[in-house]
Amino acid sequence: MSTEDVIEECNSFYFAGQETTTTLLTCTAIVLTMHPDWQEKSRKEVLESIGKDEPKFDQLNQLKIVTMIVHKVLRLYPSGSLVRETNKKTKLGAYTIPSGAQILVPLQIIHRDTEAWGEDALTFNPERFSEEVSKAAKDLMYFHFGWCSRICLGMNFAMIQVKLVLAKILQNFSFELSPSYVHGPTMTTLVIQPQYGTPIILRKLS
C-alpha cells in the first residue's frame with residue numbers, strides 16, 4: 001500500500017468508527033433530554049442491573065430498554081450514509097442503472113417512511129424494538145449498520161461502546177437541554193450532526 005492508501009484507510013476507520021459512534025451518543029443524549037420519561041426508565045434499568053458498579057460486558061448486553069432506545073435513535077437519526085456502486089448494469093424498478101454508478105441510499109427517508117414504519121413513524125417509541133430488530137418494520141427497512149454482506153464489522157463493538165458510555169452517564173447524572181439549544185440536525189460529510197452544537201446541563205445524582 002502507498003502512503004496515500006494508508007492515509008485513506010485511516011480516514012475511513014475514523015469516520016466509520018469514531019465519528020459515527022460519537023454522533024450516535026450525541027443524538028441519544030439529545031433524545032433522552034426531550035423524553036425524560038425514557039431517561040428515567042433507562043436509568044432505573046441501569047441502576048437495577050448494574051447499580052453504581054463498573055458495568056460488565058454481560059450486564060451491558062442485558063440492558064433491554066437502553067438497547068431499544070439506541071435502536072430508535074439509529075432509526076430517526078442514522079449516524080451514517082450508505083453508498084453503493086453497481087458492478088454491472090442493474091434493473092431497479094422502472095429504472096436501469098449503468099455499471100459503475102454510485103448510489104446514495106437515503107436512510108433518513110427510508111427510516112421515516114410511513115408505508116414501512118406505520119403512521120407513527122416519527123413518534124419516539126422505543127417499544128417498536130422490543131422484539132427482534134428484523135420485526136421492527138415491514139420488508140426489512142432498517143439499515144442501522146448497513147445490510148447483508150456489507151454490514152459493518154464494528155457493529156457489536158459500537159453498540160457496546162455506546163451502551164457503556166450511556167450506562168456510566170445514567171449512573172451518575174441526570175441531564176437536560178440548555179435553553180440555548182436549537183434543534184437542527186444536518187448532514188455533514190457522511191454523518192448527521194447538530195449544526196448548532198449540543199449544550200446540555202448535567203446534574204450530579206446523589
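A: Begin with contact, which means heavy atoms within 4.5 Å. Tryptophan 117 touches Arg75, Ile110, His111, Arg112, Arg128, Phe129, Ala136, Ala137, Met141 and Tyr142, leaving aside residues up to four places away in sequence. This is a predicted model, in which local features need pLDDT of at least 70 and side-chain atom pairs count only at pLDDT 80 or more, while totals for chains, interfaces and linings use all residues. Residues are numbered from 1 along each chain as its sequence is written, and side-chain values use heavy atoms, with hydrogens and water left out.

Q: How many residues does the largest nonpolar core have?
A: A nonpolar core is a set of buried Ala, Val, Leu, Ile, Met, Phe, Trp, Tyr and Cys residues joined through side-chain atoms within 4.5 Å. Buried means under 20% relative accessible area, exposed over 50%, and partly exposed in between, with a 1.4 Å probe and protein chains only. In this model the largest nonpolar core has 37 residues, and those with the most contacts inside it are Val46, Leu63, Val70, Val73, Leu74 and Trp117.

Q: Which elements give two or more residues to this core?
A: Helices (H or I, at least four residues) and strands (E, at least two) are DSSP runs, numbered from the N terminus. The elements in question are α1 (3-34), α2 (36-49), α4 (64-76), α6 (114-117) and α7 (155-172). Helix α7 gives the largest share of this core, eight residues.

Q: Is histidine 144 buried or exposed?
A: Histidine 144 has a relative accessible area of 15%, so this residue is buried. Histidine 144 lies in the loop between α6 and α7. Its contacts, not counting residues up to four places away in sequence, are His71, Leu74, His111, Val133 and Met155. Histidine 144 and leucine 82 are 62 residues apart in sequence, and their C-alpha atoms are 9.8 Å apart in space.

Q: How many salt bridges does the structure hold?
A: Side chains of opposite charge can pair when their charged atoms come close. A salt bridge is a side-chain nitrogen of Lys or Arg within 4 Å of a carboxyl oxygen of Asp or Glu. The structure holds four salt bridges. One of them joins the side chains of glutamate 54 and lysine 168, at 3.1 Å from N to O. That pair links distant parts of the chain, 114 residues apart: glutamate 54 is in the loop between α2 and α3 (57-61), and lysine 168 is in helix α7. Lysine 168 has a relative accessible area of 29% and is therefore partly exposed.

Q: Which side chain does arginine 128 meet in a salt bridge?
A: Arginine 128 meets the side chain of aspartate 120, also at 3.1 Å from N to O. Aspartate 120 is partly exposed, with a relative accessible area of 33%, whereas arginine 128 is buried, at 16%.

Q: Where in the chain are arginine 203 and glutamate 176?
A: The side chains of arginine 203 and glutamate 176 meet in a salt bridge of 3.2 Å, N to O. Arginine 203 is in strand β8 (residues 200-204) and glutamate 176 is in strand β5 (residues 173-177), so defined by DSSP runs, and the pair links distant parts of the chain, 27 residues apart. Arginine 203 counts as partly exposed, at 43% relative accessibility, and glutamate 176 is partly exposed too, with a relative accessible area of 35%.

Q: What volume does the largest cavity have?
A: Rolling a probe the size of a water molecule over the atoms shows where empty space is left. On a 1 Å grid over the protein atoms alone, a cavity is a set of points where a 1.4 Å probe fits but cannot get out; a pocket is an open set with protein on both sides within 12 Å along at least five of seven lines; lining residues have an atom within 4 Å of a point. Grid points are joined across faces, edges and corners, and a volume is the space filled by probe spheres set on the points. A search of the whole structure finds one cavity of 30 Å³ or more, and the largest cavity has a volume of about 70 Å³.

Q: Which residues line the largest cavity?
A: The lining consists of Cys27, Ile30, Tyr77, Tyr181, His183, Pro185, Ile192 and Pro194. Elements α1 and β7 each give two or more residues to it. Ala, Val, Leu, Ile, Met, Phe, Trp, Tyr, Cys and Pro count as nonpolar, Asp, Glu, Lys and Arg as charged, and the others, Gly among them, as polar. By class, the lining of the largest cavity has seven nonpolar, one polar and no charged residues.
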